[in-house]
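Subject: Structure for you to look at

Hi,

Here is the structure I promised to pass on. Please open it and keep it in view while you read my notes.

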Amino acid sequence: TYHASIFHVAYRMLGDSNDAADSVQEIFIKVFRNIRGFRGDSSLKTWIFRIAFSEILNRLRWWKRRFRSSTVSLDDDQNGSGTPIYLAASTPSPLQALESKEREQAIQHALTRLSEEHRSIVILRDIEGFSYNEIAEILGISCGTVKSRLFYGRQEFKALFGSISNGGFRPSST
């Protein structure tokens, strides 16, 4: 039931579909192993997302410690596979598809540049549609803190996205 939502959150937080898929697998293993610990104090969805955010944030911290000064190939695509990406035939024109992809990359790039605490709240509220109370429960913070961080996170995102969409970020060509 929650697989797709958790994958989308993990992808938005981690910025890589392979890492997101790995995280989702780990998250559901933890959910399965700890389901007896679910007391019903909150909804099952909130409980699962709390586990998910714990796992995602741990993965981000691990990644930062391990790969602080790693090298990235400019020839690889966004997922690092080195294989070209081909657009499937669809109703949008090739130009519309390219513009949509560039906009998505710019949004994802701006999201990854947000601080972890702002990124998690912006994703949960604006992309996944959680309520303030649900976010507070998932992240273990007060509702006032959620609102404050959301306000500053949105401001930070607007500034980053504005600079990216005005030429500060050029998606890699495929």
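Does F7 count as buried, partly exposed or exposed, and what is its relative accessibility? F7 counts as partly exposed, because its relative accessibility is 24%. Bear in mind that this is a predicted model.

**Aromatic pairs**

Now look for rings that pair up. The count comes to five aromatic pairs. One of them is F7 with Y11: the ring centres are 6.5 Å apart and the planes meet at 10°, so this pair is stacked. A stacked pair needs planes under 30 degrees apart. F7 and Y11 both belong to helix α1, and they are separated by about one helical turn because they are four residues apart there. Y11 has a relative accessibility of 18%, so Y11 counts as buried. The cut-off for buried is under 20%.

Next, find F151 and Y152. Their ring centres are 5.1 Å apart, and their planes stand at 80°, so the pair is edge-to-face. That label needs an angle over 60 degrees. F151 is partly exposed, at 45% relative accessibility. Y152 is partly exposed too, with a relative accessible area of 46%.

**Charges over a ring**

Turn to Y132. R125 lies over the face of this ring, at 4.3 Å from the ring centre. K147 also has its charged end over the ring of Y132, 5.4 Å from the centre.

Helix α1 covers residues 3-14, and helix α5 covers residues 116-127. Their axes come within 10 Å and cross at roughly 145°. The crossing of α1 and α5 is right-handed. Which residues make the contact? From α1 come V9, R12 and M13. From α5 come E116, R119, S120, I123 and I127. Sorted by class, the contact has four nonpolar residues, three charged residues and one polar residue.

**A buried glutamate**

Last stop: E55. Where is E55 placed? E55 sits in helix α3, which runs over residues 44-66. Is E55 buried or exposed? E55 is buried, because its relative accessible area is 11% and the limit is 20%. Leaving out residues up to four places away in sequence, E55 touches S23, E26, I27 and K30.

Best wishes

How values were computed: Residues numbered from 1 in each chain as written. Predicted model: local features only at pLDDT ≥ 70, side-chain atom pairs only at ≥ 80, totals over all residues. Heavy atoms only, no water. Helix = DSSP H or I, 4+ residues; strand = E, 2+ residues; numbered from the N terminus. Buried < 20%, exposed > 50% of the residue type's maximum accessible area, 1.4 Å probe, protein only. Contact = heavy atoms within 4.5 Å. Axes fitted to C-alpha atoms, helices over the stretch in contact; angles between N-to-C directions. Left-handed = near helix turned anticlockwise from the far one by under 90°. Nonpolar A, V, L, I, M, F, W, Y, C, P; charged D, E, K, R; others polar. Phe/Tyr/Trp six-rings, centres within 6.5 Å; stacked < 30°, edge-to-face > 60°. Lys NZ or Arg CZ within 6 Å of the ring centre and 35° of its normal.
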